[in-house]
Amino acid sequence: MQGQRIDVVSEKPYPVFLGAKLEELGEYLRTRLVEGTHLIIITNPTVGELYLDSLQKGLKDFRVSTIIVPQGEEEKSLDRISELTSEAIKLGADRKSVVLALGGGVIGDLAGLFASLFMRGIPYVQIPTTLLAMVDSSIGGKVAVNHPAGKNLIGDFYPPLAVWSDFSTLETLPWEEMLNGLAETVKHALIADESFLSFIEENQERVCQRDMDLYKELTARSSAVKVKLVSEDEKEQGKRMLLNYGHSFGHALEAEASYKGITHGQGVSIGMVAASYLALERGMLTIADVARTIKLLKVLGLPVEIAQKEPQKLLELMGADKKNHQGQKVLVLLKGLGQAIVVRDAQDEEIYRAWKKVIV
Ligand SMILES: NC(=O)c1ccc[n+]([C@@H]2O[C@H](COP(=O)([O-])OP(=O)(O)OC[C@H]3O[C@@H](n4cnc5c(N)ncnc54)[C@H](O)[C@@H]3O)[C@@H](O)[C@H]2O)c1
């Protein structure tokens, strides 16, 4: 196999294959599963059209079924889990069947939760096809669907059998989707790896030009940060929380806009800038650090400020963050570029001032 393998340390350890080929997954599965195992590929129409053939090519030794789920975040629902159950039963699925989740984070979260529940749990493989899914959602075993009361409210920690990332699938990804993954990639550099931050800065033009050779290294290094943090803290009791950098602010922006008109990556980008202003006020970052962060995000085409928002409303929305503890807002702040800490004593006044800095 080409590419690289990193193992996630977990109650149930699993390998992450970076730079693998879709056509070669079958060869790997033959080392893990008995011949003739029933594989259920779950994907959506866009990804299915582009990549089902390549994936299926290598799966000749297995019995393969495919379920195509309609497109969109709204498909992450308990209703869709119920529909998947009906379809799987019709296809003759049993406790020995294995799910292959082919797609972005929506498919990964949905198919992963389905696998965790079907007949009390069957194995699944994450086959991420977006940058966000490669560097973030496919790694770490979190699976979930949404509920009218909030995003990802019904979920589990359910590690996959393996993660199989074929970087060439990024070639067809729309730029707006790439930006969602780039926001998480910059986040990984900011919280854990200053040399990776310099690497992105030095190669910013190639990032914007979608140079696929560059993306191989970018994706591998970003994924490695996530693997390291979830390996150190599988159930998000400590270090894994650092991955929420920029997200408490970002989620408030997304919620305020009812998840329309602002993408997740845009929310995280502005959120990281707001968090860096708060860290600046606390003396944890220098003005040069903040300027460096803003410059990079801008060059990549990510927003660093937002117009016409009410800081008090955004502050209140942050009060509903799942990560808060006993009424206290829990934030992740940088104490230098490449190093992050969890802060449990942030005061509303300083958060309000940070919001004011990014609202124009
Ligand atoms: N489980 C976790 O730890 C975790 C972490 C972060 C985000 N998430 C979840 O991930 C989801 C977002 O994932 P996403 O950003 O991958 O979005 P997505 O899954 O909606 O995919 C984005 C779009 O890109 C299309 N697409 C996917 N791969 C493509 C390809 N190779 N070429 C062309 N088009 C392609 C999809 O059809 C879709 O329209 C959210 O539901 C979020 O809650 C989960």
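Biologist: How many aromatic pairs does the count come to?
Modeller: This is a predicted model. Rings of Phe, Tyr and Trp pair if their centres lie within 6.5 Å. By this rule the count of aromatic pairs comes to seven.

Biologist: Is the pair of Phe 114 and Phe 118 stacked, tilted or edge-to-face?
Modeller: The ring centres of Phe 114 and Phe 118 are 5.2 Å apart, and both residues are buried. Planes under 30 degrees apart count as stacked and over 60 as edge-to-face, with the rest tilted. The planes here stand at 35 degrees, so the pair is tilted.

Biologist: And Phe 196 with Phe 199: stacked, tilted or edge-to-face?
Modeller: The rings of Phe 196 and Phe 199 have their centres 6.3 Å apart. Their planes are at 25 degrees, and the limit for stacking is under 30 degrees. The pair is therefore stacked.

Biologist: What separates Phe 196 and Phe 199 along helix H7?
Modeller: Phe 196 is buried, and Phe 199 is buried too. Helix H7 covers residues 194-202, and the two lie three residues apart in it. Their separation is therefore about one helical turn.

Biologist: Which charged end sits over the ring of Phe 199?
Modeller: A charge sits over a ring if NZ of Lys or CZ of Arg is within 6 Å of the ring centre and within 35 degrees of the ring normal. For Phe 199, the charged end lies 5.1 Å from the ring centre. It belongs to Arg 221.

Biologist: Which ring has the charged end of Lys 12 over it?
Modeller: The charged end of Lys 12 is 5.1 Å from the centre of the ring in question. That ring belongs to Tyr 158.

Biologist: Which residues do ring pairs link into a cluster?
Modeller: Ring pairs can join residues into a cluster, as happens here. The members are Phe 17, Tyr 28 and Trp 164.

Biologist: Is Thr 219 buried or exposed?
Modeller: Thr 219 lies in helix H9, residues 212-232. Beyond its neighbours within four places in sequence, Thr 219 is in contact with Leu 131, Met 134, Val 135, Phe 167 and Leu 170. Its relative accessible area is 0%, so Thr 219 is buried.

Biologist: Which residue has its backbone oxygen 2.6 Å from the side chain of Thr 219?
Modeller: The atom on the Thr 219 side is a polar atom of its side chain. The backbone oxygen at 2.6 Å is that of Tyr 215.

Biologist: Is Gly 250 buried or exposed?
Modeller: Gly 250 is in helix H10, residues 247-256. Apart from neighbours within four places in sequence, Gly 250 contacts Gly 267, Val 268 and Gly 271. Its relative accessibility is 1%, so Gly 250 counts as buried.

Methods. Residues numbered from 1 in each chain as written. Predicted model: local features only at pLDDT ≥ 70, side-chain atom pairs only at ≥ 80, totals over all residues. Heavy atoms only, no water. Helix = DSSP H or I, 4+ residues; strand = E, 2+ residues; numbered from the N terminus. Buried < 20%, exposed > 50% of the residue type's maximum accessible area, 1.4 Å probe, protein only. Polar contact = N/O pair within 3.5 Å; in protein donor to acceptor, adjacent residues only side chain to side chain. Contact = heavy atoms within 4.5 Å. Phe/Tyr/Trp six-rings, centres within 6.5 Å; stacked < 30°, edge-to-face > 60°.
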